[in-house]
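Colleague: I would like to learn how to read this chain, feature by feature. Please give me the idea, then the case.

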Amino acid sequence: MGVYPKRDLMEGLSKLLNLPENIIPFSLVALGFPAKTKEPANRYDPSRVHKNKW
């Protein structure tokens, strides 16, 4: 998740993680397990596939 260059997000993350002033947070990686398992969605739309034409 992007943090930089949004100053309010950078300052909030620095405060939350108690980072030294010389450390600038650039991004955040969210890790974890889903609360529930969902079936995969079928988003394939064959009408959007073009072969050598529009």
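**Reading the chain**

Modeller: Pro 46 counts as exposed because its relative accessibility is 52%. Exposed means over 50% relative accessible area, buried under 20%, and partly exposed in between, with a 1.4 Å probe and protein chains only. This is a predicted model: local features need pLDDT of at least 70, side-chain atom pairs count only at pLDDT 80 or more, and totals for chains, interfaces and linings use all residues. Residues are numbered from 1 along each chain as its sequence is written, and side-chain values use heavy atoms, with hydrogens and water left out.

Colleague: Where does Pro 46 lie?

Modeller: Pro 46 is in the segment after H1. Helices (H or I, at least four residues) and strands (E, at least two) are DSSP runs, numbered from the N terminus. Leu 17 and Phe 33 are 16 residues apart in sequence, and their C-alpha atoms are separated by 22 Å.

Colleague: How many helices and strands does the chain have?

Modeller: One helix and zero strands. The chain is more spread out than a compact globule, because its radius of gyration is 20 Å, well over the 10 Å that the globule rule gives for 54 residues. That radius is taken over C-alpha atoms, and the rule is 2.2 Å times the number of residues to the power 0.38. Along the principal axes, the C-alpha atoms fill a box of roughly 55 × 35 × 15 Å. Of the 54 residues, 9% count as buried.

Colleague: Now the helix. Which residues of H1 are buried?

Modeller: Start with the general idea. An α-helix has 3.6 residues a turn, so residues three or four places apart point the same way. In H1, the buried residues are Met 10, Leu 13 and Ser 14. They lie on the same side of H1 because they cover an arc of only 100° around the axis. The arc is that of the directions from the helix axis to the C-beta atoms.

Colleague: Which exposed residues does the face turned away from the buried side carry?

Modeller: Asp 8, Lys 15 and Leu 16. Leu 17, also in helix H1, is partly exposed at 48% relative accessibility.

Colleague: What is Ser 14 in contact with, leaving aside its neighbours within four places in sequence?

Modeller: Contact means heavy atoms within 4.5 Å. With those neighbours set aside, Ser 14 touches Leu 19, Ile 23 and Pro 25. Ser 14 counts as buried because its relative accessibility is 17%.

Colleague: Next, the backbone. What follows H1?

Modeller: Asn 18, whose phi is positive, near 55°. Here the positive value falls in a residue other than glycine. Asn 18 is exposed, with a relative accessible area of 69%.

Colleague: Which peptide bond is cis?

Modeller: The bond from Tyr 4 to Pro 5, with omega near 10°. Pro 5 sits in the segment before H1.

Colleague: Last, the surface. Which residues make the nonpolar patch?

Modeller: Patches are made of residues with over 30% relative accessible area and no salt bridge; like charges are joined within 9 Å, nonpolar side chains (Val, Leu, Ile, Met, Phe, Trp, Tyr) within 5 Å. A salt bridge is a side-chain nitrogen of Lys or Arg within 4 Å of a carboxyl oxygen of Asp or Glu. Here Tyr 4, Ile 24 and Phe 26 make a nonpolar patch of about 380 Å². Phe 26 counts as exposed, at 58% relative accessibility. Accessible areas come from the Shrake-Rupley method with a 1.4 Å probe; for residues, only the protein chains shown count as cover.
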